[in-house]
Structures are given as structure tokens and as C-alpha cells.
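Subject: Two-chain model, handover and findings

Hi,

Here is the model I promised to pass on. Please load it first, then read the notes below.

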There are 2 protein chains.
Amino acid sequence: MERQQKEWNQLKHEPSKRTDVYNLIRSVLEKDLKVPADLKKPLINLGLGEPSKANGFELPEVINEAMIESIKGETANGYTMSSGTLDARKAIVKKFSNPEFPFTVDDVVLSFGCSGAIYNAVSALCEEGDNILVPRPGFPLCYPISQNLNINLKYYDLLPEQGWEIDLNSLKSQIDENTKAILVNNPSNPCGSCFTKAHSLEILAVANEYKVPIISDEVYYGLAYGEGSEFNSFGNLTKDVPIICCSSISKIYCLPGWRLGWSIVYNNHGYFDHVIQNLHKHAMIQLHPNSLVQQALPRILGEVGEDHFTTLKNKLKEAAECAFNRLSQIRGLQPIKPSAAMYMMIKISLDEFCDIEDDVDFCKKMLHEESILAFPAQCFFAKDAFRIVICQSTKNIEEFADRLQDFCQAHYKRTAPLVQDQ
Amino acid sequence: MERQQKEWNQLKHEPSKRTDVYNLIRSVLEKDLKVPADLKKPLINLGLGEPSKANGFELPEVINEAMIESIKGETANGYTMSSGTLDARKAIVKKFSNPEFPFTVDDVVLSFGCSGAIYNAVSALCEEGDNILVPRPGFPLCYPISQNLNINLKYYDLLPEQGWEIDLNSLKSQIDENTKAILVNNPSNPCGSCFTKAHSLEILAVANEYKVPIISDEVYYGLAYGEGSEFNSFGNLTKDVPIICCSSISKIYCLPGWRLGWSIVYNNHGYFDHVIQNLHKHAMIQLHPNSLVQQALPRILGEVGEDHFTTLKNKLKEAAECAFNRLSQIRGLQPIKPSAAMYMMIKISLDEFCDIEDDVDFCKKMLHEESILAFPAQCFFAKDAFRIVICQSTKNIEEFADRLQDFCQAHYKRTAPLVQDQ
């Protein structure tokens, strides 16, 4: 063999292409938005969607109780079924199954967070070369997934002026013979929007017309707080279109980092009979999520009351209104009022500014000059905007708005130059 | 589009080939070894390697303390770096890095258990069509991994009569231009063996000669209890051969199910420079393992004392001796004395039995007649043997041996027929 003739230092292992993946957020964090060690002011981090205690989001007591019970009981220190314990999956059925749109434990597969659930669903539905349709702006996870699985992403547009509804013509125009699923994310990250029931039905009508199933990323399940906005799971809106709903405890129970998610397969017309089998088989490779969290899940889903969600939504609503009102008054920025999830998008009128190249440049300068971390729209397949995370105290948001105002002030085009050229 | 002309019930989604994976253990559990509801006796489960409380393996107190501290502190309810927190990775460096064979936090990537670590390593090293060499008998995980990644497995033999050392000629004969790694599993599941230092160096010499790196599955790190047997991590035996060592807290800390594992890259000669990058990138898809366990990891690795490992090894040794002594006395069975890990292989002399077709048939009948669950060698790419898990009380093992003796008695060939044919 040729290798035998060489020394190790003449060789270098070229890793697989499938692991050479690119995460838009992580990549920007490591380059343009690398937080400098010598920040001028305390960092205001509006980057990651983490509804944790550090951000003023308290956990319902029962959650820690249930986890401590799991730990002390020491009956959860063992392997479970790869797809998750029967009890954990039963708890998901009990919590989320609607009598009109029922599913069973066999239709549920646990995963490593909602990211894992989406990865598993896409992996099961697509061969190499197939494509899925994804929203623009949209959560960037599908990008490294597509690279890993060697599939194509085709983008459909969301319309900011219509509350981030899907441009249905754009959606239809993207469907081709190799389209294996439409990925929807409702409520939306990064848009902070939630589809009306009527619009969800329009989307389903397209899926039904073209016979393309839906992967619904519902990690912000239920988190619609806007006036008159109402969340409907795609699984509960159709008896025709087959749906895989992905979610987790990370956002709605304020447990990012615990990494327990799930896929629920709404196997309408038996279309997903074989897919369900493969989701279970596929789980046998990396096995199940943490067994303690699995054991705690029935109590988490069963005992956390409506008051938790009401408080959570009220906090988000308060933060959203505060952010929207303040930012609406800043020239050159157009915040788009959020009504759901934990985010707000803010359009940047680049022509109001004298030295801002694009959204990445805006965020980079904002970080260096005002110690604010937020992600540019380019992280979400879009441009000329940036996203802020609103699971923050209003105090933080006020401080953010003050600094942002100063920042813009320093970068506006000046109508008359301050100093005449010599 | 053609699909538009059809109804959903005329369509069926054919899932991807990559998710159509086959786990030998799970598959046999669902078919031949499906535990009947009406077992004749209480089940003796010698199937899964679970050193948990239910099997008489107590946790060091500090482990639960550390986890409860994580939970109550509520500072771990957030996303961490995809590759794991710096503190968790530092703890791994502190515990496992040898001054002579050092590695840094950048060489460590956390994963979903050791299964996840092995999956990640193979995924990073191999393109489709490449191959890795795996032991026979060996842990069956690499089979679904190979199907998922569309790579080939080539088997090298372990020699039971030489304490399950690798048949080095068999190993060499399997290496070809597309061989991207030799996977070793030391201590071994299912063999319950541990390589001597001299033999490990022989294996490294082959890897060095052919310039093939090693993936070392060391999930039973340190668990060598046999007379004179001694564990050496492959990472600590070479400055030439590049190694990826995979391990987890599941076995050595008796925490199966918690799903925190890691890869340590021993980047000798910089051969893995690009591989390390991709391991970190690849982690950005499904992100990090449970954040609470990550936060507890420094205390688990730092404060669990030698007494835990001594107790664990003594228990395994006692169980191994008990099982070996009892089973040695059963005609038709040749137990191979284990010296490490949590398993023992038992050869079956099929010609001693009148109605046992093969090892699967043996295990199936043993389950149905004596309510003993153990896995046939076919689950481990081998044959004519079965594996028992020895992390059991000696009481259980005695009971198992009694039943096994009865079972064999009922199936021996009879030298003279009891009833003459008419």
C-alpha cells in the first residue's frame, strides 16, 4: 500500500465531507462576532434563545423536584428503549394527542433535543440529492443538516409585511420531483411570529395539492402571545397531509440544555408507515436521551400548570412591547412586532447609515462599540436585518435600546458635513 | 408532478436507506428473544451491560450530590458549546491526560454516550465506500453505523485460546487502500478480556506499519480485574499512531443511561488536524449532551475515588469467578474466563446437544424454558457461543448456573435412547 511508504508526518487524514458542516450562527460567532475580551461595557447578550434563570425565567418547582426524584430513586440509571421509555412517550401522548387527531406511543420517538428530532426526520425522509423546502428567514440548523446528509435546501419566502406569512407562490414554485418535505417552523425563530389557523390551512392545502408531507418544527409550541394570535399544531389541523411534528422541553419548559426532544408522526393515510419504522431503527445508533430527564418527563408534562405558560407568555409580551416601542423610535430601524416565540427581527435601512456595509457589519460594530450581541439576518438566510432574543428583563431591553440609539446616532449619514473639506 | 395525480393513500414514503439500519441485539430481542409475557420463572436478565443499583452496583454518593447541585443551582439550564463546556472538557483532560501523552481541551469533544463518540469518529474518518476494521467477536454498534454511513466493515479475528488477543495476521490481511481506521475495543465487550501491554504494542506496530489510525473504544476504561491483567489506554502507548479514544461515564461510573461520552483525539504528528476541526463542526448539528451532567462531570471525575473502582472490580471478579467455576462444570459448555469489562463468553459444543440448532436457538430455548436472557454470539458477528453479563450478584449467578445446568441436562444427546423404537 502506498501509505506504507510514507511517514505519519507526510500524511494528513482528510475528514469526510459530511462532517465538514457549517453552522451560520456558530461561524459568525467565531469570526465577526467573536466577543472581544476587552469589551467596553457589560455585554448585553441578545444572541441565544435561552429562557433560563439567568435571563429571569424561573422554573416551575415541580421540574427540579421531578429531576431530584429521578436521581435519588436511582431507578433511572439504566438504558431505556432507544426510542425512549414507554412512560415518557405515554406522557407525550397524554399531553399532546388530540382526540380528533390522535397518535400513539408508537408514533413518538425521543431525540437529543428538537435539533435531534429535525435531524432524524430529515434523515429518514430524504436520500442524497433530495431536497426539502425551508423558510427564509429561518432557523439555520437545516443548513448543516443538509450538508451532512448531502441533500438540497430550497428556500421559500416569509413576508414580513404580512406578519411573516409564507409567500405561497414562492412555496409552490420551489416544489419539484425531489422535494421530500416542507419544513415549517411555527412559531418562528427568528421571526417571532405565529401563523393564523387560516394561513396554516392554506399551507396544508399546498402540501395536499402537491402531496408533499410536512416537517413541523414546533419547539415554541403554544408560545403565541400577540393580540389575537393563537397557536395551532399542524398535527391538529389535517387528516390528509402526513406530518412529523418536532418539539422539546427546551423552550416551553425553559430547559435549554437538557436535550430531550421528540418527533410525533401524524401518519395520515398510513403514508409514513415505513418512515416510523426507520425512525425507531435509526434511534438504535446513538440511543436515547438522558434517562433521568426521561423519567422526570411525565411529571414535567403532567404537573407544570397553565400558570407557567401564562407567566412565560406575559413576560415575552411585555419584553416584546418594550423592545418594539423603543426601537420603533430609532431612525433607520424597523422592528417587526413579534407575537410569538422569543425573537424579534429588526430591519436595517442601510441607506440611513454612513458606514454600515451590511447586517453582519452592523452587528459587528454594535458588538465592538456598544457590547451588544445579536445575530445578523445572514445567519437566517436573509439580509439587511438583525434578530434579537427577547427572553430578557425589560431593564436589559431598555439598556439595549439606549445603547442602540447611541450606536445609530454615531453612524447616521450626516445631512451636512461637520467639517468642510479643506 | 406525478404525485399530484395521486391520492395520499396511493402513496407511501419510502424512507432513506441510511435510516434502515439493523441492530443485531435489538433485532434478536424483538424476534427470537422476545421475552414472553408468561415466563415460567422470574427472569434472570444477563442481557444488557448495566452496572446499576438494580444489579447491586451502588453509586458513589458524590455523583448524585453533584447532579443535585447542578439542578438546584439552575446555572446549567442553558446551551453549552456544541463540543461541551470548557469545564467538562478540562475535567477530562485532568483525569485522563498523561504528561507523557498529553492532550488539551481542544482535542476533546463530548458526545451522546460512547456510542455517539464512536459514531462521530467513524463519520469523520470515512467517506462512503471506505472501510474500518472491527473485531470479531465485537460490539454490534458498528453494524448500524456502517449502514447509516454507507461504509464497509471488515472483520479481524480475536483468538479465544489466546485470551482474546487479536489474530495479527487476520488484522493485516484485512487492511486495504480504503481502510480508514482499525476499531479496537479494550477491555472487550463481549469477550471480557483486556490486552496485555505487549499485545497492545503489537497492534500499534501493525497500525504504524500500514499507517492506519486507531479508534479505541475504551468505554470499560480501567476495568481489568484478572490476575496480572492491567489496562493501558491506547492513547498512552504511542507517539506515532494517531488515536481517537472514545469513552463515557456509563460503565466505569455505573451511569448507563445518562448519555455523556467523549472522544479524545491523540493527534500524533498532526495527522488528525483536520479531523479535530470536523469533530467540533459535526457537533453543531445535534449539539451537546445534557448540560446538568456536563456541569456535574468535574465532580464525578474528580471526586469519585479509587475505592469505587476497587469495589467495582472486586465485584466483577467475584462474579466472574463464580460464573466461570460453575459453568466450567457443565458438559457441553466452555466458559472463557474473563479478566475485564462486564462480560463472559461461553462456547457451546453443539454436538453435545440433541436439539439445539445454533447459538440463537440455544438462547431462545434457554429463555423460554428457564427464563434466562442472554445474547447469542451471532449478535457479536460470531457463532456457537453466548455472552452473559456478569454485573450481577453471585446469588443471581448461582441461580443462573443451576437453571443452565437443568437446561443442558434436558437437551443433551442421550447415549442410549430411553425408549426403544417400536
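Which residues in α2(A) meet which residues in α9(A)? From α2(A) they are A:V62, A:I63, A:E65, A:A66, A:M67, A:E69, A:S70 and A:I71. From α9(A) they are A:L292, A:V293, A:Q295, A:A296, A:R299, A:I300 and A:E303. Contact here means heavy atoms within 4.5 Å. By class, this contact has 9 nonpolar, 2 polar and 4 charged residues. (Ala, Val, Leu, Ile, Met, Phe, Trp, Tyr, Cys and Pro count as nonpolar, Asp, Glu, Lys and Arg as charged, and the others, Gly among them, as polar.)

Conventions, briefly. This is a predicted model, where local features need pLDDT of at least 70, side-chain atom pairs count only at pLDDT 80 or more, and totals for chains, interfaces and linings use all residues. Residues are numbered from 1 along each chain as its sequence is written, chains are lettered from A and ligands numbered from 1 in the order in which they are written, and side-chain values use heavy atoms, with hydrogens and water left out.

Helix packing

Start with the pair above. The axes of α2(A) and α9(A), residues 291–303, are 8 Å apart, at an angle of about 150°. (Axes are lines fitted to C-alpha atoms, for helices over the stretch in contact, and angles run from 0 to 180 degrees between N-to-C directions.) α2(A) is therefore roughly antiparallel to α9(A). (Under 35 degrees counts as roughly parallel, over 145 as roughly antiparallel, 65 to 115 as roughly perpendicular, the rest as oblique.) The crossing is right-handed. (Right-handed means that the near helix is turned clockwise from the far one by less than a right angle, left-handed that it is turned anticlockwise.)

A:S70 sits in α2(A), residues 61–73. (Helices, H or I with at least four residues, and strands, E with at least two, are DSSP runs numbered from the N terminus.) A:S70 counts as buried because its relative accessibility is 2%. (Buried is under 20% relative accessible area, exposed over 50%, partly exposed in between, with a 1.4 Å probe and protein chains only.) Beyond neighbours within four places in sequence, A:S70 contacts A:T75, A:L292, A:Q295 and A:A296.

Chain B has two further pairs to look at. Helices α3(B), residues 86–96, and α9(B), residues 291–303, pack at about 20° with axes 8 Å apart. So α3(B) is roughly parallel to α9(B). Their crossing is left-handed. The contact includes B:A91 and B:F96 of α3(B), and B:L297 and B:L301 of α9(B). Its classes are 7 nonpolar, 1 polar and 2 charged residues.

The axes of α10(B), residues 306–328, and α12(B), residues 394–411, come within 10 Å and cross at roughly 15°. That makes this pair roughly parallel too. The crossing of α10(B) and α12(B) is right-handed. Their contact has 8 nonpolar, 2 polar and 4 charged residues.

Helix α8(B), residues 273–286, is mostly covered, with 10 of its 14 residues buried. B:L287 follows α8(B) and has a positive phi, near 60°.

The interface

97 residues of chain B contact 97 residues of chain A. Together the chains bury about 9000 Å², 53% of it on carbon and sulfur atoms. (Buried area is the accessible area, 1.4 Å probe, that two parts lose on being put together, summed over both.) In chain B, B:W8, B:H13 and B:Y79 lose the most area to chain A, together 11% of what that side buries.

Backbone and loops

Most residues other than glycine have a negative phi, and most peptide bonds are trans. Please check these places.

- B:R136 and B:P137 are joined by a cis peptide bond, omega about 0°.
- B:N186 to B:P187 is also cis, omega near -10°.
- A:C254 is not a glycine, yet its phi is positive, about 60°. A:C254 is buried, at 1% relative accessible area.
- A:D384 has a positive phi near 55°. A:D384 is partly exposed, at 29%.

Last, two loop residues. B:N178 lies between α6 and β6 of chain B. Its C-alpha is 4.9 Å from that of B:D130, 48 residues apart along the chain. B:S339 lies between β10 and β11 of chain B, and counts as buried at 17% relative accessibility.

Best wishes
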